[in-house]
Amino acid sequence: MSLQIIFFTSPTCSWCPYLEGVLRNIIGNTKELSLEVIDVTENVEKAEEYHIVAIPTIILPNNQRIIGSVDEAFLRKQMDQFLIMMS
Amino acid sequence: MIISTGIEELDNMIDGGLRTGSCYAIKGSAGSGKTVLSLFMALGALKKDIPVLFISTEVDPEKLIMYGDSFDMNLKSYIDKGLLSFEKMSLKPKSTSLVQTDKFDLSGIIARTQSKMKSLNAKLVIFDSISAFFAEFVYEKTARSSFMDFIREITDKKAVLVLTSESQVNEEYSTLEEYLVDGVIKIRTELKNNQMIKRISVPKLRSAKPIKFENRFIIDRDGVSILRSEQPPLSIIDAEKIGVEKLDKMLGGGIPAGSVVLIETDGETNYFPLFLQIMCCNLERGTGVIIHSNVHMYSARIVEEFKRVECDITPHLNEGNVVFIDKYNRSVTAVEAREMSQLMTTDDMISVTVELMQAFQKSEQKVILFGDLTDDTNILTEPNFLRYFALQSFNIKEQSAIAYSFINFNAISREMLARLRNTADIIIRFSRSDYTTYIECLKSSLGATFLPKVVKFRDKMPLIEILD
Ligand SMILES: Nc1ncnc2c1ncn2[C@@H]1O[C@H](COP(=O)(O)OP(=O)(O)O)[C@@H](O)[C@H]1O
Ligand SMILES: [Mg+2]
């Protein structure tokens, strides 16, 4: 079992490709975390379900949300807490 | 397509109704009625089978349905019919925590709104309120500028977008949204005679000339209503009549009890006709009058004037329907009056006031006409006169009476006029230009002011006629 990170994007979001790259980088090498990328214009139901307002929104397993683009160092620190928790 | 707001008077104010492809903002302070008004707008469209999407940022849908029920809207029935949808949109859903940066846009709510609009086929989208929405953002400026995309995308869809926005008390500049929207409907509240009065205006309208003047806006159990300044509905007020039919109508049915009415005239315009007309009307209605006489307006003169216009008031005089409080019961010259009045002390002024109170107590008469106050203002010192006027006004309100005070605005200082106007509830002004007399209402406790209208004086009752 792995913890899921949900990443909401949209075609108009200019920071999203960078952020998605960073996320894939961090999560790609771990078994403990998995990433689901959702484009709100293609999957509005999910956007509804998670009450998405701003893009990008990252939903972490502890229900914390990151709204707006952040840098890699910040994301790694966030992910580390889950990796420690899982091990 | 034009969508009616369901409130006829509001439709008139915004050039017929809400235009598709346009965005409107309802602005007002907290509790002014933005949510209530937007719910009524939704209802107006729903009643015509126009689908509505209502986006709420602070209040949960169940609460809004209940809010609607308090006005018998039965919004649930429209939801069941698939005509209405409430969507809660807020940045921070319950039991989540947020980290925010300034690198984001609002494509999330744009996508959600567009999808809902499509499934409902919504032609009216209401967003209540943008202020509560923006307040959730740490980087409010980014949110506001990104919200421009929301406005552009949604109004592009051949639908109407209505935003509500909380105005701050000391707002001196227009907010960004105000530039972008096609119309601004403004609700203002003010405290008057211990009552909250709401006023509505349209300071901005792209499709037509904006209605800058304010109309009365009323929220009660039966819903919202707007009293148009030019011609408010007659049924609203059970008021005392002035006796000039058209004037009563334009003032919203008459004068509410407890009002101080200031009638301003220039030196040339004769206010006698209006004085006699008010007196005559009240006598005929059996209300009776108290005349507070003055240099130009003493008992003998009034009786004489009535004779001149062939109106017999002797029966009323015999029955005691008219109470004269005469300061000088004969014609005095201005010099004589000045001499007499200079002897008048503050004590005398109080005794005149006491006399009036006694007259109130003795009789049913609750209408008082103050003869020309101009001389008093010139004779008494300014502070004394103002104290006298304030005292009388207080008295009038206490007794739920109505006072008509006549004054020549050219003969008193600007400052004095401003003070009197402040105290008065209703201001009617006569003025002359090119041999034509005009009447206008500058102030009204009911919001029923009107612009100058031509007046014709006649020899017989009715002595005054207001032309269109
Ligand atoms: N059922 C009702 N009957 C009469 N007046 C009501 C009712 N519900 C609300 N109001 C009036 O509406 C006002 C609140 O309006 P609202 O639209 O909620 O304000 P806001 O501008 O903050 O959205 C209150 O001041 C109250 O006077
Ligand atoms: Mg509200």
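User: Which residues of H3(A) are buried, and what makes them count as buried?

Analyst: Welcome! In this predicted model, the buried residues of H3(A) are A:Leu75, A:Gln78, A:Met79 and A:Phe82. The term means under 20% relative accessible area, so these four names are residues that fall below that cut-off.

User: What do the buried residues of H3(A) pack against?

Analyst: Their partners in chain A are strands E1 (3-9), E2 (33-39), E3 (57-59) and E4 (64-67), along with helix H1 (16-28). Contact here means heavy atoms within 4.5 Å.

User: How do you know that the span of H3(A) is close to the expected one?

Analyst: Helix H3 covers residues 72-86 of chain A, 15 residues in total. The expected span is 1.5 Å times one less than the number of residues, which gives 21 Å, and the helix reaches 21 Å from its first C-alpha to its last.

User: Now to chain B. How do you know what span to expect for H5(B)?

Analyst: The same rule applies, 1.5 Å times one less than the number of residues. H5(B), residues 107-120, has 14 residues and reaches 20 Å, close to the 20 Å expected.

User: Which elements do the buried residues of H5(B) pack against?

Analyst: Among the buried residues are B:Ile109, B:Ile110, B:Met117 and B:Leu120. The buried residues of H5(B) pack against helix H2 (44-49) of chain A. In chain B they pack against strands E4 (52-56), E5 (84-88) and E7 (124-128), and helices H6 (130-135) and H7 (140-155).

User: Why is the pair between B:Thr35 and ligand 1 called a polar contact?

Analyst: A polar contact is a pair of N or O atoms within 3.5 Å. A polar side-chain atom of B:Thr35 lies 2.7 Å from an oxygen atom of ligand 1, so the pair qualifies. A polar backbone atom of B:Val36 is 2.8 Å from an oxygen atom of the ligand, and a side-chain N or O atom of B:Ser70 is 3.1 Å from a nitrogen atom of ligand 1. Those distances are within the cut-off too, so both pairs qualify.

User: How much of ligand 1 does the protein cover?

Analyst: The protein covers 68% of the 570 Å² of accessible area that ligand 1 has on its own. Helix H2 (34-46) and strand E11 (211-220) of chain B each give two or more residues to the shell, and H2(B) supplies the largest share, 3 residues.

User: What kinds of residues make up that shell?

Analyst: The shell around ligand 1 divides into 5 nonpolar, 6 polar and 4 charged residues.

Methods
Residues are numbered from 1 along each chain as its sequence is written. Chains are lettered from A and ligands numbered from 1 in the order in which they are written. This is a predicted model: local features need pLDDT of at least 70, side-chain atom pairs count only at pLDDT 80 or more; totals for chains, interfaces and linings use all residues. Side-chain values use heavy atoms; hydrogens and water are left out. Buried means under 20% relative accessible area, exposed over 50%, partly exposed in between (1.4 Å probe, protein chains only). A polar contact is a pair of N or O atoms within 3.5 Å; within protein, one must be able to donate a hydrogen and the other to accept it, and residues adjacent in sequence count only if both atoms are side-chain atoms. Accessible areas come from the Shrake-Rupley method with a 1.4 Å probe; for residues, only the protein chains shown count as cover. Ala, Val, Leu, Ile, Met, Phe, Trp, Tyr, Cys and Pro count as nonpolar, Asp, Glu, Lys and Arg as charged, and the others, Gly among them, as polar.
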